[in-house]
Amino acid sequence: MQISISARHGSLGPEQQAYLTEKAEKLQRYFARLMSIEVEADHRKNGWLVEVLVSAEHKHDFVAREEAPSPEAAMDQCIHKVEHQLRRYKERVQE
């Protein structure tokens, strides 16, 4: 599985990149057949906008966007949304 983290209009420190990567890796617990995860952090005037794009086998893509004061907080909210999407998809596939 490939994980890419990018920042727009700002930069992420090594601790922040490590945190985002760690959170993204945990998504494999919910669905093992993930192909890639892209995390884009955009520094805005009032905080950070984090977008998570998850690509699974058979052309299924999952997207979550959240805005928060820090990239870590926005990532936590995005991960929660993607987890929910992956669980629903996995249940549909198993039925």
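In this predicted model, residue S36 lies in strand β2. With a relative accessible area of 17%, S36 is buried, since the limit for that class is under 20%. Once its neighbours within four places in sequence are set aside, S36 is in contact with M1, Q2, L53, V54 and S55. Not counting residues up to four places away in sequence, E38 touches S4, E51, V52 and L53. The C-alpha atoms of E38 and S55 are separated by 8.5 Å, the two residues being 17 apart along the chain.

Four strands make up an open sheet in the order β1-β2-β3-β4, and their pairing is mixed. Strands β1 (2–8) and β4 (60–68) stand at the edges with a single partner strand each, which is why one side of each has no neighbour in the sheet. From one strand to the next, the twist averages 10°.

Strands β2 and β3 run antiparallel and are joined by 9 bridges. Within this pair, H43 stands opposite W48 of β3. The two strands form a hairpin with 4 residues between them, and G47 in its turn has a positive phi of about 160°. On to the next pair: strand β3 (residues 48–56) is also joined to β4 by 9 bridges, again with the strands antiparallel. W48 has A68 as its bridge partner in β4, while S55 is partnered there by D61. This hairpin of β3 and β4 has 3 residues between its strands, and H58 in the turn has a positive phi of about 65°. Strand β3 is mostly covered, with 7 of its 9 residues buried.

What packs on the sheet? Helix α2 (residues 71–94) does, touching β2, β3 and β4, and its direction makes about 150° with that of β4. Helix α1 (residues 14–25) packs on the sheet as well, where it touches β1 and β2 (34–43); the direction of α1 makes about 140° with that of β1.

The two helices also meet one another. The axes of α1 and α2 come within 10 Å and cross at roughly 5°. That angle makes α1 roughly parallel to α2, because angles under 35 degrees fall into this class. On the α1 side of the contact are Q16, Y19, L20, K23 and A24, which meet P71, E72, M75, D76 and I79 in α2.

The buried residues of α2 are P71, A74, M75, C78, I79, V82, E83, L86 and Y89. An α-helix has 3.6 residues a turn, so residues three or four places apart point the same way. The cover over the buried residues of α2 includes α1, β2, β3 and β4.

Definitions and conventions
Residues are numbered from 1 along each chain as its sequence is written. This is a predicted model: local features need pLDDT of at least 70, side-chain atom pairs count only at pLDDT 80 or more; totals for chains, interfaces and linings use all residues. Side-chain values use heavy atoms; hydrogens and water are left out. Two strands pair if DSSP finds at least two bridges between them. Axes are lines fitted to C-alpha atoms, for helices over the stretch in contact, and angles run from 0 to 180 degrees between N-to-C directions. Contact means heavy atoms within 4.5 Å. Angles under 35 degrees count as roughly parallel, over 145 as roughly antiparallel, 65 to 115 as roughly perpendicular and the rest as oblique. Buried means under 20% relative accessible area, exposed over 50%, partly exposed in between (1.4 Å probe, protein chains only).
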